[in-house]
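Biologist: I'd like to learn how to read charged pairs and contact surfaces in a model. Could you walk me through an example?

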Protein chains: 2
Amino acid sequence: MNATKLDVPRSRDPERTRERILDCAQALILDHGFGATTVDAVTGRAGITKGAFFHHFPSKSDLGRALAHRYAELDEEHLRENMARAAKLATDPLQQLLVFVGLYEEQFAALDQPFPGCLFASFIYENKLFDEDTLVVLRRNALVWRAALRAQLEAVAAVHPPGRPVDFDSLADLFYALTEGTFVMTKTLGDRSLLVRQCQLMRTLLEQLFTPALAG
Amino acid sequence: MNATKLDVPRSRDPERTRERILDCAQALILDHGFGATTVDAVTGRAGITKGAFFHHFPSKSDLGRALAHRYAELDEEHLRENMARAAKLATDPLQQLLVFVGLYEEQFAALDQPFPGCLFASFIYENKLFDEDTLVVLRRNALVWRAALRAQLEAVAAVHPPGRPVDFDSLADLFYALTEGTFVMTKTLGDRSLLVRQCQLMRTLLEQLFTPALAG
DNA sequence: TGTTTAACATACCAACTGGTTGGTACCTAA
DNA sequence: TTAGGTACCAACCAGTTGGTATGTTAAACA
């Protein structure tokens with residue numbers, strides 16, 4: 001498979017080794033899937049031996065679980081942070097929402113490598129390879145996004161009644177789904193601009209929904 | 001164990017055998033991924049032997065390629081059909097587009113099993129497992145959708161200028177991306193209603209974009 | 001009817017898989 | 001100084017993998 005070694009000075013730092021294993025595994029998984037990512041490939045890339053791997057992770061499924069937890073924590077921290085920043089940058093709920101999407105747009109635009117995709121989408125298309133503990137993390141993550149955006153959308157609607165009635169749960173899910181789908185398209189077409197453009201479009205659609213007529 | 005042959009004479013129907021292999025493989029792949037779907041599992045499910053499998057497919061990658069081609073053909077035929085039906089059911093381009101989405105909504109609603117997901121999304125998250133010939137099929141499929149919807153969107157805009165300027169390519173991609181993403185969410189949350197609800201939402205957003213003010 | 005050939009089945013293999021073993025180098029605490 | 005745990009390594013193991021070599025059988029011809 002991919003045997004490119006990240007030659008890192010052999011530093012006896014278990015925490016960093018563990019993180020490096022997770023990093024390498026995640027990169028490989030996003031290209032090959034979990035099932036086809038062998039622990040030999042992971043150890044080869046991380047520059048360690050199989051013994052070291054199984055010292056840090058009792059089994060390959062433990063690696064999967066650890067990966068899911070780490071990904072969810074990072075993602076949800078990221079979500080909270082952008083929500084908080086948007087809340088500070090604007091006072092009107094709609095403007096906050098638009099800024100929120102704008103922040104993600106900014107961050108997508110700043111990526112230089114082609115976007116590698118979402119670990120959770122990768123996992124869910126191999127769901128039978130994972131135990132319930134791991135899958136629960138994915139479910140919870142989707143619900144966290146729904147709850148966060150639904151709350152914001154209700155605040156928006158209280159100030160700007162939508163031009164047409166909409167189901168807020170579905171509109172909240174739109175963010176998650178559209179992002180996931182755009183990841184798929186980005187990987188498919190190799191066009192890095194897709195994420196940014198879908199963010200722009202989402203802002204347009206939200207503005208059009210909540211402020212149909214331009215106010216001045 | 002089975003000494004006497006009571007079995008019905010083997011249905012010596014190569015075309016059906018081939019299709020059964022493809023069906024079984026696809027079902028397994030959508031749950032385990034391509035890499036973790038062994039040909040033993042496929043043959044076991046299809047009720048044939050490994051010899052039979054390799055008679056129909058020279059290698060496992062040939063199975064993948066055949067699967068991609070079949071999936072694309074079915075999907076694009078489906079797309080053309082729904083486009084044609086929508087074109088007959090309405091004359092106004094916007095109404096055609098809304099009917100088009102409505103047809104998919106209908107078809108999603110009619111599914112009784114939980115939706116198994118999109119083969120292409122599964123493949124793209126294991127892209128390094130496939131050769132260029134296979135990946136080209138996925139790319140072409142995404143572009144077919146974009147082209148079809150972009151054309152329709154331009155026809156819509158000619159009659160109903162959008163309330164805000166939008167990039168038609170991105171709006172066209174929204175259909176593909178939102179569908180893919182909702183497949184992911186459906187698999188994640190196990191909620192079969194998600195697809196239907198995102199179709200409804202999409203129709204609302206399109207109406208709001210192209211006819212901001214309700215005409216009478 | 002006999003012959004050929006496509007459509008399978010059976011038995012097997014080399015390479016690879018996740019995981020284990022026994023060991024070594026290093027750090028820390030007593 | 002030393003005892004013991006942590007971090008890591010090299011070699012190995014049993015089971016599984018995609019793939020093959022060689023049969024067998026039914027159907028399509030001649």
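Predicted model: local features only at pLDDT ≥ 70, side-chain atom pairs only at ≥ 80, totals over all residues.

Biologist: Which residues are joined with A:Arg70 into one network?

Modeller: Before I get there, let me show you a pair that crosses between chains. B:Glu207 and A:Arg164 form a salt bridge, with 3.9 Å between the closest N and O atoms. This pair runs from helix α9 (residues 194–210) of chain B to the loop between α7 and α8 (168–189) of chain A. B:Glu207 is partly exposed at 28% relative accessibility, whereas A:Arg164 is buried at 7%. Now to your network: salt bridges with shared partners join A:Glu19, A:Asp23 and A:Arg70.

Biologist: What about a pair within one helix: how many residues apart are A:Arg150 and A:Glu154?

Modeller: For a pair like this, check the spacing along the helix. A:Arg150 and A:Glu154 are four residues apart in helix α7 (residues 132–159) of chain A, so about one helical turn separates them. They form a salt bridge whose closest N and O atoms are 2.6 Å apart. Both ends count as partly exposed, A:Arg150 at 27% relative accessibility and A:Glu154 at 35%.

Biologist: How many salt bridges does the structure hold over all chains?

Modeller: The total is 30 salt bridges.

Biologist: Now for domains. How is chain A divided?

Modeller: Chain A has domain 1 (1–57) and domain 2 (59–210). Their centres, taken over C-alpha atoms, are 28 Å apart. Contact between these domains of chain A involves 18 residues of domain 1 and 20 residues of domain 2. About 1500 Å² is buried between the two domains of chain A, and carbon and sulfur atoms give 68% of that area. On the domain 1 side, A:Gln26, A:Leu30 and A:Phe34 lose the most area to domain 2 of chain A, together 46% of what that side buries.

Biologist: How many salt bridges are found across the interface of domain 1 and domain 2 of chain A?

Modeller: Three salt bridges are found there. Polar contacts are counted too, and 10 residue pairs make them between domain 1 and domain 2 of chain A. In domain 1 of chain A, the elements that give two or more residues to the side touching domain 2 are α1 and α3 (50–56). The largest share, 10 residues, comes from α1(A). By class, that side of domain 1 has 10 nonpolar, four polar and four charged residues.

Biologist: And between the chains: how much area do chain B and chain A bury?

Modeller: Chain B and chain A bury about 5000 Å² between them, with 65% of it on carbon and sulfur atoms. Each chain's part in the contact is given as 56 residues from chain B and 56 residues from chain A. B:Tyr125, B:Arg164 and B:Gln208 supply 18% of the area that chain B buries against chain A, more than any other three residues.

Biologist: How many salt bridges cross the interface of chain B and chain A?

Modeller: Six salt bridges are found across this interface. A:Arg197 also forms a salt bridge with B:Asp167, where the closest N and O atoms are 2.7 Å apart. Polar contacts link 21 residue pairs between chain B and chain A.

Technical notes: Residues numbered from 1 in each chain as written. Chains lettered and ligands numbered in written order. Heavy atoms only, no water. Salt bridge = Lys/Arg side-chain N within 4 Å of Asp/Glu carboxyl O. Buried < 20%, exposed > 50% of the residue type's maximum accessible area, 1.4 Å probe, protein only. Domains from an automatic or database assignment. Contact = heavy atoms within 4.5 Å. Buried area = accessible area lost by both parts, 1.4 Å probe. Polar contact = N/O pair within 3.5 Å; in protein donor to acceptor, adjacent residues only side chain to side chain. Nonpolar A, V, L, I, M, F, W, Y, C, P; charged D, E, K, R; others polar.
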